[in-house]
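Reader: I would like to learn how to read strand pairing, helix packing and the contacts between domains and chains in a model such as this one. Could we take the features in turn, with the general idea ahead of each case?

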Amino acid sequence: MKYQIVVAGFGGQGVVFLVKVLSICAGKKGYKFLGTENHGMSQRGGSVSSHIKIGDFYNPLIDYAQADLLIGLDKDEAILNLPYLKKGGKVVVNADEFPKIDAEIYAIDANGLAEQGVFDAKGLNVFMLGITLEKVKDFPFSVDEVKAAIEEINPKFAPKNFEILDKAIEYAKNI
Amino acid sequence: MKLTLMGNEAIAWGLIHSNTQMVSGYPGTPSSEILTTVQKIKKDLPIYAEWATNEKVGFEVAYAGAIAGVNAAATMKQVGLNVASDALMSASFIGNKGAFVLIVADDPGFNSSQTEQDSREFARFARIPVVDPATPAEAYEFTKLASKISKHFETPVMLRSVMRVSHSREIVDIDEGFKFQEVKGDFQRDISRWAAVPRAGRLKQAYEQLDRLDKIREYNYKELIEPKIKELKGTKNLIISSGAAYGYVKEVLEELGLDIDLLKIDMPYPLPNDRLKELVKKYEKVLVVEETYPVIEEEIRSENVYGRMSGHMHQVDEMNKERVLEALKKIGFYEGENIYTPAFEPHDAHIRKPNLCPGCPHRDMYFAIKKVFRPKKSIYPSDIGCYTLGINLEGIDTVLCMGASVSMAHGFSIADKNKTVIATIGDSTFFHGGIPPLINAVYQKAKFILVILDNSTVAMTGRQTTPERENPEVDLKKVVEGCGAEVMEYFYKPDINETINFFKEVKKRYEEIDKPLVVISRQYCVLDKERAKDFLPGIFATVDEEKCVACDVCTTQFVCPPMHYNEKHKIEIDPLLCIGCGVCITGICPTDAFIPRSEK
């Protein structure tokens with residue numbers, strides 16, 4: 001099992017939360033896990049990208065043309081991270097439209113949906129994870145595994161996050 | 001017990017699981033979470049885990065503990081070690097009774113630092129052993145190893161981490177059912193050992209140090225290197241690597257399908273040089289892959305050893321697999337294609353620069369300073385912290401190292417008398433390194449303005465507490481007055497006119513006096529949940545598009561993240577980012593285009 005994911009966004013969007021969720025999922029399934037994230041200057045609204053490597057890896061950084069999946073919490077940040085994606089890889093991105101490239105692209109205008117009140121904008125990260133769970137067939141974790149990880153990180157907010165996750169999955173079924 | 005840990009958290013567990021009773025240091029990315037994690041997980045254990053005013057102070061507090069026989073550690077980032085290096089150079093002669101682990105996190109690639117110096121080089125310079133973990137799980141094991149070696153050989157031992165270890169996450173198997181064993185500190189008087197005075201005692205210790213290094217070299221070979229050499233297959237060529245760099249090499253070899261012996265060095269100094277040179281002779285070519293300086297390469301240099309010094313590895317910036325691949329090509333270990341060539345190029349994407357947070361008072365201060373002290377007639381030295389982002393507002397001319405704003409303000413005031421020097425520094429940075437230069441400036445009768453941006457937190461590195469916050473008996477104003485400077489105190493208001501008027505008063509006073517004038521601005525950090533609510537008025541802004549003339553004043557002079565041009569080329573405020581400080585409404589815009597959202 002080898003699976004590499006780049007999560008791209010900016011400070012405050014909850015990129016690091018997703019890293020934690022996926023690391024717990026991996027741990028519970030007995031997969032090796034390495035992830036890295038940017039701190040410091042990036043916390044002040046700058047780009048935050050995280051690399052997640054599940055399986056037999058020895059270094060946390062993903063190199064160009066290696067990622068199986070790119071989750072973009074922001075359109076520009078997703079575009080900036082495209083070099084990491086392998087040919088034919090998958091992109092789940094918060095954008096109304098996205099450049100047409102040789103990859104499987106799921107562009108969802110999540111900002112628009114949040115503005116319409118479909119979900120709380122603070123849960124954007126979880127919403128995009130829900131879209132991923134429904135659309136990306138080779139994603140290594142199931143909905144229940146992701147929920148168990150969310151519960152472990154913060155049981156108090158778990159019900160609210162589950163609600164957002166379920167909404168995203170329902171939404172993704174219809175597109 | 002298996003836990004998913006960040007490298008810095010793994011180091012913290014390693015400290016506890018080696019009975020470390022004293023930990024001190026100073027925050028700095030990427031090292032800060034080590035000490036805060038110890039604070040979080042120590043629970044009722046008898047561990048002193050507290051920040052110090054700077055790295056040198058933290059080192060010395062912890063080191064005294066190690067002299068008194070308890071296990072101790074100091075944590076810092078690589079530039080912090082520059083500050084603590086005075087203490088280190090003597091400590092390496094004197095040694096310790098309890099373990100003393102010096103934890104330094106390097107930042108290859110300048111991710112959040114002004115240098116990418118290799119602290120292993122510092123360990124070699126100070127003649128202390130250094131261990132170099134590759135991943136968080138190894139960081140946990142190596143912390144315990146460093147503690148063991150330090151206690152056994154009575155020498156400080158460095159644990160050198162890098163950003164990709166400190167800020168990585170991995171599933172780490174930590175010791176189950178560990179029982180912490182408290183040791184009561186018991187200082188044993190031994191003046192000839194503990195008092196580092198010239199000359200006889202030092203001479204003796206210098207010989208002892210060489211002897212000790214030879215023993216550690218032997219330990220390094222027997223315990224750490226020989227078992228790995230036994231596993232080598234004897235291919236034509238060899239790669240030697242250490243730390244995070246090892247992970248890149250291992251993956252590249254697998255991904256390219258290359259069968260080349262790979263030797264991982266856990267302790268890059270001191271090395272059993274002679275034995276390694278023997279090993280190197282058995283191979284045709286040897287490539288050394290390490291980050292960031294050629295430490296191992298220099299130690300084992302021979303005709304068939306290649307790396308940075310031979311020009312085969314890249315010279316600066318962070319390692320990546322493409323760089324390893326290129327080196328393999330250059331040296332002739334690989335002839336195929338570059339599998340790390342991007343399949344897609346990023347095009348037409350907006351790059352997001354780090355910026356001061358919406359509502360951050362630092363922004364007002366730089367805006368007002370520039371209004372009152374015009375750029376053509378002023379020099380703006382600054383310092384290291386969040387406020388360094390004032391560089392986006394062009395409110396900063398120089399940044400050097402912690403505390404240098406004060407001494408450089410002094411220097412500029414002597415060299416360029418036609419300009420007003422107005423420097424900025426944070427409260428934590430002032431306590432760290434700003435006090436001696438302020439005393440010097442008063443002592444030498446300098447004339448400049450120093451603005452201490454007091455938000456009572458170390459904001460940049462995760463809001464660690466400052467001395468004054470933790471114990472109000474440390475009185476910033478009294479400290480500055482005690483240095484002999486004149487103080488003007490400002491109680492921040494989210495109204496730009498108030499701030500500008502205050503600086504007009506500052507300018508008046510500056511012209512009247514002949515000594516350093518220190519402004520203490522009592523403000524807050526918007527991320528500081530405890531205090532921010534008392535400062536934020538909750539006045540959210542929007543734009544009257546008819547008034548906006550797209551003059552760029554707000555986007556270049558104020559630079560608040562929610563402000564951006566829309567498709568009509570009018571300024572727009574992102575309602576999700578605005579936190580309601582209301583400052584822009586009070587007079588940033590020359591045409592008064594910012595208005596309260598409630599009025600629209």
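This is a predicted model: local features need pLDDT of at least 70, side-chain atom pairs count only at pLDDT 80 or more; totals for chains, interfaces and linings use all residues.

Reader: What is the strand order of the open sheet of 4 strands in chain B, and which are its edge strands?

Author: The order is 10-9-11-12, with parallel pairing. Strand 10 (261-265) and strand 12 (305-306) of chain B are the edge strands, each pairing on one side only. Helix 10 (residues 244-256) of chain B lies across strand 9, strand 10 and strand 11 of chain B, at about 145° to strand 9 of chain B; contact here requires C-beta atoms, placed from the backbone, to lie within 7 Å, and angles run from 0 to 180 degrees between N-to-C directions of axes, which are lines fitted to C-alpha atoms, for helices over the stretch in contact.

Reader: How many strands form the open sheet with the order 13-14-15-17-16 in chain B?

Author: That open sheet has 5 strands, and its pairing is parallel. Strand 13 (378-379) and strand 16 (486-491) of chain B each have a single partner strand, so one side of each is left without a neighbour in the sheet. Strand 14 (residues 420-426) and strand 15 (residues 449-454) of chain B run parallel and are joined by 5 bridges, and B:Ile425 has B:Ile452 in strand 15 of chain B as its bridge partner. Helix 16 (residues 427-443) of chain B lies across strand 14 and strand 15 of chain B, at about 135° to strand 14 of chain B. Helix 19 (residues 496-512) of chain B lies across strand 15, strand 16 and strand 17 (517-522) of chain B, at about 165° to strand 17 of chain B.

Reader: At what angle do helix 15 and helix 16 of chain B cross?

Author: For a pair of axes, angles under 35 degrees count as roughly parallel, over 145 as roughly antiparallel, 65 to 115 as roughly perpendicular and the rest as oblique. The axes of helix 15 (residues 404-415) and helix 16 of chain B cross at roughly 25° and come within 7 Å, which makes the two helices roughly parallel. Helix 15 of chain B contributes B:Val406, B:Ser407 and B:His410, while helix 16 of chain B contributes residues including B:Gly434, B:Pro437 and B:Leu438.

Reader: How do helix 5 and helix 6 of chain A cross?

Author: The axes of helix 5 (residues 143-153) and helix 6 (residues 158-173) of chain A cross at roughly 155° and come within 9 Å; the two helices are therefore roughly antiparallel. Among the residues that meet are A:Val143 and A:Ile150 in helix 5 of chain A and A:Phe162 and A:Leu165 in helix 6 of chain A.

Reader: How many residues of domain 1 of chain B are in contact with domain 2 of chain B?

Author: Domain bounds come from an automatic or database domain assignment, which for chain B gives domain 1 (2-196), domain 2 (231-331), domain 3 (361-524) and domain 4 (541-599). In domain 1 of chain B, 18 residues are in contact with 18 residues of domain 2 of chain B, and the C-alpha centres of these two domains lie 27 Å apart.

Reader: How many residues does each chain give to the contact of chain A with chain B?

Author: Chain A gives 38 residues and chain B gives 43. Strand 2 of chain A supplies the largest share of the side of chain A that touches chain B, 5 residues. That strand runs antiparallel to strand 8 (residues 168-173) of chain B, with 3 bridges joining them, and A:Gly35 stands opposite B:Arg169 in strand 8 of chain B.

Note on methods. Residues are numbered from 1 along each chain as its sequence is written. Chains are lettered from A and ligands numbered from 1 in the order in which they are written. Two residues are in contact if their C-beta atoms, placed from the backbone, lie within 7 Å. Two strands pair if DSSP finds at least two bridges between them.
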